[in-house]
Amino acid sequence: MTIVSLKRASFSAFPALLALVLTVPLISGAGKPVPATPVPVETHMASIPQSTVDRVVQNLVAQWGSTDQERIRRGVTQVSLLWRASDGSEADFASFCEKEYLGDPKLRSATMDRFEANGEVTSGAAVALVRKYREPVDLDLSEPLPLDELYAAFNPFDHYLEDTFRTRIAFVGLLNFRLYKLSELVGLGPKLDRNAWAEARLAGSFELRISGEARAAETAAVARGDDYVSSYNIYLGNVLSSGGQRLFPEDLKLISHWGLRDEIKSLYADPVGNLEKQRLILQVMEKIVRQEIPASVVNEAGVLWEPATGKVSAKGQGSAPKADREPDVRYARILEIFRAERQVDVEAPLFPTYMDRKFDIEREIPKDTVSALLVDVLQAPAARGVAALIRRRLGRPLEPFDVWYDGFKARGAFKPEDLDRAVAARYPTVAAFQADVPAILGKLGFSPATATFLAQHIVVDPARGAGHAMGAGARYDSAHLRTRVGPKGMDYKGYNIALHELGHNVEQVFTLNKVDRTLLSGVPNNAFTEAFAFLFQARDLEVLGLETNDPKAKKEAVALRALDDYWSAFEIAGVALLDIATWEWLYAHPEATPAELREAVVQKAIEIWNRYYAPVLGVKDTPLLAIYSHMVAYPLYLPDYPIGHLIDFQIEQYIQGRSLATEMERMCVQGKITPDAWMRGAVGAPLSAAPINAAAADALKTVRR
Ligand SMILES: [Zn+2]
């Protein structure tokens, strides 16, 4: 619903810039990255011996006194870890530290302010520049020129971070401001004052110094994984049942896993009539995971395949295709990403594994905390109740693919044509929507003054795609809402998405313009902004004045949504646990072959299934959880989905019965602190699965069949 990379551009001043600089999807669309040759990593490693660090610390303590000792040692050590031979000799290092250490608190505080101000103008310029370059491809104004594709892929700030090291700006930050480990931030969270948070964000913006070569190798490995999964199509019309029957339309081609999974979901429209089809898709998925699928049927329109027997044959007149299995390509791709990350590891002394970087830097929730939250969802007593309800509704014992049961949907009270007509009459043009933003915000409960303030900082543009939100990088700029309005005016779907994007924009304006320090602008991670976007989106009919007034229907809709949310979280929680277990296994077996990795993943998938799913669904031993393509192309991204469900639910539940407008502003101005600290401040409790589990249990009392 939003372009994630663009959204990330609104994060706090310095990190905003880094997000821009490091965000690959923003610049996708250009040619494929060229695989880089491995670099001799030793050249990037720290070059300052401990004895030199000790001597510099001694000299600085002699100058500034022993009360500064801890601060001095920390700062000099921070610089030494990222100082490389190309930055200068040991003598250069020593004189840099002795000259740039700020022993005077006033000077240190003024320096922090300068970093903050310069960070804001830099991210403001970077966001505005990239936005302008991309306008011809993002906006529905006129046909883009061939040149526009090149500009859309061009980011002049790509080398910004390395340049801050080369100019030693980054080293001044590292010498004088404290880097916090995630465990320290989590432990100290409630005790940290705003200045300490700002200091943590300032120093944190320099905590990684990864060379262009290592980043390029990482990008290339991820791109190969992405290529692999994005052309992994199955011609379901050519997949035959055990009796050799065709069950699907002849031309049905679906991508694994998204298309296959969504097909299973849509088949619940006729659960009895479609059961055999769902079973066949399950079989295909298990063969993909185990790499027992014949290589000749992947992305190939001319081959018939009978998964039950493994038999393949030519569809037309052609020669008989080979039945050889796909030779563990899926797992070879994962290993390539792992090997690229090992190169990054060497350059990241403070975050020496990919797991550290994903959990401690990006997500800022410790890995063990994430795992514990996932297990809380999986072990909720409500799971068995929801499964029993699904069993009653389907009238049969559950099968593995029922983790994708899709029947908890409330029926809308309005016909789609009527909704389209109401929306088009109200918003014939983009300008009409722009003009109505203050009124929309008013209906959501914002005061006239706040609604006006927000509307003044949101520019509505015509989108070429479905729509997205793009925050500003500096307070003098505006957030942008991109929405699609056809020649006949906006339709209901476009409006529904526009409200989602407006939720992002309002968050973006609050967290940049109303936060006390721009070093702290933004939200802890993507899940938080999505939660606000969904809050807006869910109120779309209310804003149109078309909400149903039947309390019973309302109650049932809320209960169905709780069941749907819980069952989605239950399904994806195990998938996320498997993703984590896979990377733990990789670091324990760095020399693994693709075949060994396949065995390990299949075994772990079955273990997780048997522990958490078998007792609930009543069926054992499937490796189905390993089907997600994210594992091959976007490793360790999957935990964001279930954690997002939890965050969404916690915020939503807290806001029920309170003012969305007041609570949202209060939560947003906390800025980019850790997810845990943010949630405690927002709802008075840490991140937790309890609300979603409780809501599911409660919903079971309302929805009985
Ligand atoms: Zn979104």
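Start with two helices that touch: A382, G385, V386 and L389 in helix 18 meet N693, A696, A697 and L700 in helix 31. Contact here means heavy atoms within 4.5 Å, and helices are DSSP runs of H or I with at least four residues, numbered from the N terminus. Keep in mind that this is a predicted model, where local features need pLDDT of at least 70, side-chain atom pairs count only at pLDDT 80 or more, and totals for chains, interfaces and linings use all residues. Residues are numbered from 1 along each chain as its sequence is written, and side-chain values use heavy atoms, with hydrogens and water left out.

Two packed helices are described by the angle between their axes and the distance between the axes. For helix 18 (residues 382–394) and helix 31 (residues 690–702), the angle is about 40° and the axes are 9 Å apart. That makes helix 18 oblique to helix 31. (Angles under 35 degrees count as roughly parallel, over 145 as roughly antiparallel, 65 to 115 as roughly perpendicular, and the rest as oblique.)

Now try helix 28 (residues 640–655) and helix 29 (residues 660–668), which pack at an angle of about 135° with their axes 10 Å apart. So helix 28 is oblique to helix 29. Which residues meet here? I651, Y654 and I655 come from helix 28, while L660, E663, R666 and M667 come from helix 29.

Next, the zinc ion. Its protein donors are H500 (NE2), H504 (NE2), E530 (OE) and E530 (OE), lying 2.1 to 2.7 Å from it. Donors are N, O and S atoms within 2.8 Å of the metal (3.2 Å for Na, K and Ca), and water is not among the atoms, so sites may look incomplete. Along the sequence, the donor residues follow the spacing H-x3-H-x25-E. H500 and H504 are four residues apart in helix 22 (residues 492–513), so about one helical turn separates them. Both H500 and H504 are buried, a word that means under 20% relative accessible area, with exposed being over 50% and partly exposed in between (1.4 Å probe, protein chains only).

Finally, look at two other residues. D477 sits in the loop between strand 6 (467–470) and strand 7 (479–483), and at 13% relative accessibility D477 counts as buried. Leaving out residues up to four places away in sequence, D477 touches A128, R131, H457 and A472. T52 lies in helix 3 (residues 50–64), and T52 counts as buried at 2% relative accessibility.

Definitions and conventions. Axes fitted to C-alpha atoms, helices over the stretch in contact; angles between N-to-C directions.
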